[in-house]
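Me: Please take a close look at one single residue of this model, and set it in its surroundings before you describe it.

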Amino acid sequence: MKILKELRQHHKLTQKDIAERLEVTQQTVAKWENGKSEPSIAHLRDLALLYDTSVDELVKENANAKNITRNIYRFFGGSDNCFWGHIGLGIPNQEKSIWYPITLRTANQVINNLDNTFSNFIHIETLNNRTLFFNKKHLLHIHILDDNADCPENDWELGWDSYQGLPAEIYPALSDYLIEGILDLENYSPTFIENVKEVLNEYPNLAEEDVSDSKVYTLSKIYQYYIDTNCFEDFIHLNYGNDNVWLKMRNFGIGMDTFISSHQIVLIDVPTHLFNKAFQDEND
């Protein structure tokens, strides 16, 4: 996997460094990099955690090291795809903005789409495992805040992971652990499991719904529950200019279908790991 060599070199690490951290031989790392063997899913997750990305990004065709690193700005000071600052969305009837960590690329994406007349909705991914579709017509405001700037007074309240977010591969593992109470050693290494437990120790009140629930903010109400991933495809229609639709949201917990007019929606906030999995399963 060529990407593994590129990432290692970008992070100024040797094959020996990687071997020691993953508790494998240096020869094994060399075989991964030259394509003579493939890492197991557990080792891929370790590599994703080490490089602050996701397994999906590592195995993506034509992956580029500079474009997949997320939160570790110090390694890629010139990259626009690392943690840069925050976006704050003003929701009607909400006292404070909802803040998400973003890259400079995402900040520019939002700014460039504000005058787009093709669709009222803007679709972005944040650095804390959230995929957003927000209606610029209904938002009260959009704050774009460089991390070097001062926080706005009386409007700076972050969620549990909303400062920089966690490495992408941690989120599905947190979800699995919070549901099952255990992570199997076939898919997760002992080191990875320890990292998950450290997060849980830091956030002892974290619940599965904090990681896997979706939120839909309308002009008058907030819906929060675990949405069936089969419904995520409906959200994509908003991104292609089809603003006049009824979006189906199946409450997986109780088996109830809720249909909401896109004209009423201000913000859709879904977990990125579930959103990506839905489309991966569809293409497999």
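**One proline in its setting**

Reply: The chain exposes about 14,600 Å², of which carbon and sulfur atoms supply 45%, with accessible areas taken from the Shrake-Rupley method with a 1.4 Å probe. This is a predicted model, in which local features need pLDDT of at least 70 and side-chain atom pairs count only at pLDDT 80 or more, while totals for chains, interfaces and linings use all residues. Residues are numbered from 1 along each chain as its sequence is written, and side-chain values use heavy atoms, with hydrogens and water left out.

Of the 284 residues of the chain, 48% count as buried, a term that means under 20% relative accessible area. The C-alpha trace spans about 60 × 45 × 35 Å along its principal axes, and the chain holds 12 helices and 10 strands, which are DSSP runs (H or I, at least four residues, for helices; E, at least two, for strands) numbered from the N terminus.

Within strand E2, which covers residues 98-103, lies proline 101. Proline 101 counts as buried because its relative accessibility is 0%. Leaving aside residues up to four places away in sequence, proline 101 touches Phe83, Gly85 and His86, then Thr126, Leu127 and Asn128, and also Asp161, Ser162, Tyr163, Gln164 and Gly165, where a contact means heavy atoms within 4.5 Å. Tyrosine 163 is 62 residues from proline 101 in sequence, yet their C-alpha atoms are 5.9 Å apart in space. Across the chain, among contacts between residues at least 6 apart in sequence, 60% join residues at least 24 apart.

Methods:
Buried means under 20% relative accessible area, exposed over 50%, partly exposed in between (1.4 Å probe, protein chains only).
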